[in-house]
Amino acid sequence: MKKKPVPPRLADRFLEWHCNPELLDEVQGDLYELFQRRIKKYGIRRSRWFYWLNVLMFFQPFTTRRKESQYYTTNDMDMFKNYIRTAIRNLSRHKTYVLINLLGMGFALACCIVAFLNLDYKLRFDEHHLDKTTSVYRVNTVRDTENGKEPWGTSPVALGSVISQDLTGVNRIMRLHHSNGIVKANDKTFGETIHYADMDLLKIFNFPLLYGNSTAFDDPKTVVLTPATALKYFGDENPIGKELVIIDQFKRENTFIVGAVMQKIPENTSILFNLMISISHAFEPTHFPEHDWKAEAQITTFVELTEGHAPADINKMLDQYVAVHNVFREDFKVSDFYLQPFKELAFTSDIDLPGEVKGRALNRNAVGFLVGITTFLSLLILLTACFNFTNTSIAFSSNRLKEIGIRKVIGGARHQLIKQFMVENLVLCILSIGIGLLGAQYLTEAYNGLFDQSLDMRYVFKSRVLIFLIALPVVTALFAGSYPAFYISKHQPVAILKGRTKFATMGKFSKVLLTAQFSFSCFAIIAGIILTQNAAYQEHLDFGYDLRKIAVTAVNNSKEFTGFQNAIEQNANIGSIAGSSQIVGQSYEVPVKTNPDDPEMKVRRLEVGSNYLQTVGIGLLAGRDFIESSASDLEQAVIVNQKLIEDLQWKEDPLNKQIFINGKPYHIIGLAENHKELGLLGEEPACLFTLVPPSEFKYLSVNVPVDQLAEVNNGLMQTWFQVNPDVPYEGFLQEMLIFKQLYMNIVLRNLCFFLAVATLIMSAAGFFSIVSLSVLKRTKEIGIRKVFGGSVKQMMHLISRDFIKFILIAFVVGSLLGYLVIEEVLFNKMYVYHIPLGVGAFGLTLFIMLLVPGLTVGLRVYKAATANPSEILRYE
Amino acid sequence: MKGTYLGEFEELVLLTVGILYDDAYGLAITDEIESRAGRTVTVSSVHKALMRLEQKGFLHSRMGGATEERGGRKKRLFIITNTGKQALREAREVRNEMWQAIPKVVWEGI
C-alpha cells in the first residue's frame, strides 16, 4: 500500500507550537486538505513548499497562543469551597492517616511550646519591674583582681549615702542587703535569710501587695513578708499587725509588726526575698557602719536618676570616689564605679551569659542546661513529626492517582491540583495546631511538676510564640505537601487512568531516615527500660542501714539534746533515739594504722553516741556497742566495719585488737556490718565509729516505722518549739542526704521513657506509611498469589521480608549506642551501684522493636491479603 | 445600525458563508471566493476575517466533520447570525441607496 504523503514535519511542529490550540485543529486541517489537493496538481515538492508558505503566513498575532487563563475563567471562591469539601471527605475516609499525622504533629508542637515557654520565661526575667524602672540603675564596681578587671554587682556601703547627699541628678538611692538571722513568730522559730532595704525599693519596683498597703513601708518597725513566709509562721490567717521577732547576725533582737504581705514573687525576678525590713536595722557601728569607707560590707545599690540626667554624667561624678575608697580598703582595689541599667541585670547574671557581672547579691537567671536540652529534644521530635507528615502524605496521595487523572481530564490545571493538595495539608496542620495547644496544657503541667518551674500557658498567646507556632505547621504543611503535590500532578491523565504510572517508590533518603528514626527509638527504649530497672533497683537497694526510717534534728548543745530527748521519749511511735556528732553520710577521713610504722590507710570516721548504731540500723556482727558514760569507752573504744578489716587484711577475729587512729591507740570492741556511707556514688568504704559524750552531740536521730515517718517528723517540730522555743528548728529526714541522687535518677528515667514512647510512635507511624505504599504497589501481585493458593501468612512473610532488614539494622545501631552511652556515661562515671547490663533489657527492646512494626505491617498486609482476589484483579 | 462597520473583504466572506450554508469552513470559503471573485485569497486572511466576524457577533461556529483528507482533524463550520444578517441587509441598503442617488448622467453620458 502506498504510503500516504505527509506535510513537512517541521512546519507542522512549528504550527503546533505557536498556534492557539483552539484554532489549531481547523487551521491545520485546512492546510492539510490544501496540501493533499496540491499534490495532485503540482506534485509533492511544490506542495511541501506551499505548505511552508502557508504555515508562515499563519504566524500572525491572531493565531498565537494566549495564556491559559484567558481561555477560561475559574471561579476561585467556588473552587476553594470544593477543595475544602474534598479535603474533609478525604480526611474522614482515611482516619488512620489523619490520626497519625495529627497526633504526631500535635505532640511535637506541644513539646515545642513547652520548650519555647521555658526559653521565654528566662527571657522575661524581671518583666514585672521593667516599665517602672527605666531610670533605675545599679552601681557596679570594677575590681582589680589577678584575673584582670572584673565587674562586680555590689558596691561599698558608704558609697550609697555619699551619692544621695553629694550628687545632683540622683533622685533617690535604694540599697539592698541580706544576711542570716533567726525569726520567731507565733511560737515558731526558724533560721531565715533576712533582706534589708530602703523601703522605697518596694514602691519603685512595683511589687504588688496581697495584704496591707504601702503606707506601712514608712514605719521603721514594719516587716514585709511573702505569702510563703506568712504561711510558714502564721498559717492561713491574715498576719497584718502581728508581731515578729528578728535576731540578726550581730545577735541583736528586735520586734517588728507585719505591715504588708507581697503577692507571690515569680522566680524569674532578680529581687527575691522572704522577708524584708528597713535597711536602718542592718547597720552596726563596728562591723557594718553606714557611712564608713573602711567597712568590709558590700551591698547592692540602686539609684534612680532624675529626668534629664544621663548615666554617663553620673559615672563621671562617681570617679572621684574611687581614690577615696582605695585609701581605706587597700585589700580591695577598685578601679571604677559605673551605672548599669536595671534591665541588663538579668542578662548578665549567669556564668553562661556574656558580660557576666560577678559578685551579685541578686537572684540568678539560670539559662542553661535545662533550656538547652528541652529545646534540642523538642526540635528533634518536631523534625521527626515533619518527616512523618511528608511520608504519610506521599503514601496516601499515591492512593488518589485516579481521582487526579479524572480531575485533569475534566479540565483541572496543574496549579489547581497543587492548590488542592496544599489546602488538604493546611487543614490537617491547623487541626494539629489545635491538638498541639491542647496537649501543651498537660505537658506544661507535667513539666512544671517534674522540674519545679512555673511555666504558664497564657504566655503562649501573648507573645511571638503564637506567630512561631502558626508559622511552623503552615511551613511544614507547605513543604510536606509540596513534594506530593508537584510530583503527582505532573502525571498525564491518560497514563494514570490506564494504570501505567509507577507509584512513588521509597528512595534511599527515605530508607536512611526511617532507619535512623528507628535506631533513635531503639536507643530511647533501651535507655528507658534500663533506667527504669535501675531506679527500681536503687529504690530497693539495701543501704546497710535504715535509710528511710530515720528522722534527724539538729541540736546545738547537750541541754537542748536532753530536753528534747526527754520530751519525745513519750511518743509511742518512736523506736529508738540516739545522738551523734555526725550522722551517716557526714563522715570524715582519718588515717589509721595497725602498727605505728605501718603505712597509713584512710578510713571514714563517725563520732556517735551509744545506741546510735542500733537506732540507724547498722548491725553488729560481733562484740558490743558503746556504753554511754564509760570513761574507757570514750577514751579508746572503737567499732570497725567489715570493710576496714578486709582492707587491713586481718584474718583473725578483730575483737580486742588494737589500731592507731591519727596516732592514738584504740582497741576494737565491736565489728559492724558495712553500709553505704557514700550513697550511690561510691563503694561501701571502710568505716569506724568512736564514742563522744552528749556535750558534743550535734544531731538527734530517731528510728520510726516508715508509714508514720511524716507524722512523726511533724510532731518532732511541734515538740521542739515547746521545749526550745527560742531556738530555730532544723530537722530533716535521713534520706534527704541522697535524695538528690535518687531524684536525678527519676528525672532521667522519666525523660527517657517519654522520649521512647514518643519516638516509637512516630517511627511506627512512618513505618506504617511506607508499608502501605509497598502493599499498594503489590496489590495485584497479592491478588494473583492468592488465586494460585497463597496463604495469608505467606503474604505477610513476603512483604515484611523487605523491612526486617531495616528493623534489624536499626536495632543493632540503637543497641550499640544505648550500650555505650549507658555503660560509659551513666554507670562508670556516675553510679557505682547499678544493675548489671543484662540481656533482658536488650531482649525486651528487640521484642518491642519487632512487635510494633510487626503489628503495623500485619495490620496492613492482613487487609490486603484477605481481600477477595477477584475484586483486586477486577478493578483493572 | 451604527458601529457595525463591515469591511469589504469581511462582507465577501460573510456573503460566502451565506452561499455555502452549513458547509462553510475555512478552505471551502477560500475556494468559493477565489472562484466567484476571481482573485487569489490566502487561507490565512480568510481565517483572520472569520475570527473577526465571529468576535463581532456576525457569525456562529461549531466544530464538526473530521475527514480523511484533513488527517482526522475537525473543521469549524460557520453560519450567519441574525446580527450578521442584519449587517448584510444594511450594507446592501446603503449600497442600493447610493446607487439610486447617482444621476443617470454618470452611467449614460450627456
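User: How many salt bridges are there between chain A and chain B?

Analyst: A salt bridge is a side-chain nitrogen of Lys or Arg within 4 Å of a carboxyl oxygen of Asp or Glu; between chain A and chain B the count is 2 salt bridges. The side chains of Arg76(B) and Glu26(A) form a salt bridge, with 2.3 Å from N to O. This is a predicted model, in which local features need pLDDT of at least 70 and side-chain atom pairs count only at pLDDT 80 or more, while totals for chains, interfaces and linings use all residues. Side-chain values use heavy atoms, with hydrogens and water left out, residues are numbered from 1 along each chain as its sequence is written, and chains are lettered from A and ligands numbered from 1 in the order in which they are written.

User: What area is buried between chain A and chain B?

Analyst: Buried area is the accessible area (1.4 Å probe) that two parts lose on being put together, summed over both; here the area is about 1900 Å², of which carbon and sulfur atoms give 56%. Contact means heavy atoms within 4.5 Å, and 18 residues from chain A and 18 residues from chain B take part.

User: Which residues of H2(A) and H2(B) meet?

Analyst: Helices (H or I, at least four residues) are DSSP runs, numbered from the N terminus. Asp30(A), Glu33(A), Leu34(A) and Arg37(A) in H2(A) meet Gly26(B), Leu27(B) and Asp31(B) in H2(B).

Key
Helix = DSSP H or I, 4+ residues; strand = E, 2+ residues; numbered from the N terminus.
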